[in-house]
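Please examine the sequence and the three-dimensional structure shown here. The explanation below is meant to be read alongside them.

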Amino acid sequence: ISYGTSQDFDNDDIDFKNLSAGFGGDFGLTYEYRSNNDIDSISIGHGNYKLKVGVSVTDIGSISYDESTTTTYNVDNTVSTNSFEDEDIETALDEQYVGTEEIGKTEISLPTAMHVLVDYKFRKRLYMSVHGSFSLVDKNDPYANRIINTVTATPRLETRWFSFYLPLSLRQHDGFAMGAGFRLGPLTVGSGSLLSNYLMDDSRTADIYVGLKIPVYRK
């Protein structure tokens with residue numbers, strides 16, 4: 001097991017004095033097909049497209065930590081799980097295993113991911129979207145963050161002021177999840193796992209989210 005910290009990191013006294021630099025960025029594009037080519041209807045119509053396709057890549061980059069400390073432990077030892085109670089991970093490893101410490105520069109990759117969205121309008125106010133998020137980070141990279149691969153299909157009823165939707169997801173490590181949500185004007189409330197937590201005994205995920213959109217107008 002390799003366990004690392006940035007320079008002068010202290011679990012009991014975290015501050016932001018010793019900051020590190022990095023680079024991060026996103027890019028993406030969206031295409032909409034509309035059967036009505038009237039420029040006025042395109043500019044003012046709500047959900048006036050027949051098909052929307054979006055592709056993006058997020059969190060491109062990394063963060064570098066100078067003089068970080070990495071300790072590699074040989075865990076070829078039998079210990080009681082009670083030894084890890086009431087101890088932080090670094091103290092527990094130091095007390096139970098032999099470790100070799102190295103100090104140097106460490107570069108941590110951001111959780112780079114690709115996102116693909118296809119949204120289709122079946123009829124007025126009725127839509128179906130399929131969204132996939134996939135990690136682009138090498139699974140063998142020891143110094144990286146990764147997203148959970150997810151594919152979600154979401155049927156929804158949408159009007160200008162109200163929306164209701166039922167996301168159905170397949171999530172890496174979690175399996176199937178089913179949620180529900182609604183939008184009322186600028187307020188959005190929902191969960192990607194509300195219904196599966198209620199209906200299934202072996203559900204392994206839970207989440208809830210709330211969003212408030214505040215538009216800014218200018219003349």
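The model is predicted: local features need pLDDT of at least 70, side-chain atom pairs count only at pLDDT 80 or more, and totals for chains, interfaces and linings use all residues. Residues are numbered from 1 along each chain as its sequence is written, and side-chain values use heavy atoms, with hydrogens and water left out.

Salt bridges come first. Side chains of opposite charge can pair when their charged atoms come close. The criterion used here is a side-chain nitrogen of Lys or Arg within 4 Å of a carboxyl oxygen of Asp or Glu. In one of them, Arg34 meets Glu32 at 2.6 Å, N to O. Arg34 is buried, at a relative accessible area of 17%, whereas Glu32 is partly exposed, at 29%. Glu32 also forms a salt bridge with Lys52, at 3.7 Å, N to O. Because Glu32 lies in strand β2 (residues 22-33) and Lys52 in strand β3, this pair ties together parts that are 20 residues apart in sequence. Through shared partners, the salt bridges join Glu32, Arg34 and Lys52 into one network. The strands named here are DSSP runs (E, at least two residues), and helices are runs of H or I of at least four residues; both are numbered from the N terminus. A further salt bridge links Arg156 and Glu158 at 2.6 Å, N to O, and both of these residues are buried.

The surface patches are considered next. Patches are made of residues with over 30% relative accessible area and no salt bridge; like charges are joined within 9 Å, and nonpolar side chains (Val, Leu, Ile, Met, Phe, Trp, Tyr) within 5 Å. Accessible areas come from the Shrake-Rupley method with a 1.4 Å probe, and for residues only the protein chains shown count as cover. Tyr120, Phe122, Leu126, Leu157, Trp161, Phe162, Phe164, Phe182 and Leu184 make a nonpolar surface patch of about 870 Å². Two or more residues of this patch are given by each of β5 (113-123), β8 (162-165) and β11 (180-184). Another member of the patch, Leu126, lies in strand β6 (residues 126-135) and is partly exposed, at 35% relative accessibility.

A negative surface patch is formed by Glu85, Asp86, Glu87, Asp88, Asp94, Glu95 and Glu101. In the charge assignment, Lys and Arg count as positive and Asp and Glu as negative, while His and the chain ends are not counted. Each charge is placed at NZ of Lys, CZ of Arg, CG of Asp or CD of Glu. Glu101 belongs to strand β4 (residues 98-109) and is exposed, with a relative accessible area of 55%.

Rings of Phe, Tyr and Trp (its six-membered ring) pair if their centres lie within 6.5 Å; planes under 30 degrees apart count as stacked, over 60 as edge-to-face and the rest as tilted. The structure holds two aromatic pairs. One of them joins Tyr120 and Phe122 edge-to-face, with 5.0 Å centre to centre and 85° between the planes. Tyr120 is partly exposed, at a relative accessible area of 33%, and Phe122 is exposed, at 53%.

The backbone also deserves attention. Most residues other than glycine have a negative phi. Glu67, however, has a positive phi near 55°. Glu67 is placed in strand β3 (residues 51-74) and is partly exposed, with a relative accessible area of 49%. His173 likewise has a positive phi, of about 75°, although it is not a glycine. His173 is in the loop between β9 (168-171) and β10 (175-178) and is exposed, with a relative accessible area of 60%.

The loop that holds His173 also contains Asp174, which is buried at 18% relative accessibility. Asp174 and Thr150 are 24 residues apart in sequence and 9.6 Å apart in space, C-alpha to C-alpha. Gly175 is in strand β10 and is partly exposed, with a relative accessible area of 27%. From Gly175 to Ser203 the separation is 28 residues in sequence and 8.2 Å in space, C-alpha to C-alpha.

Terms used:
Buried < 20%, exposed > 50% of the residue type's maximum accessible area, 1.4 Å probe, protein only.
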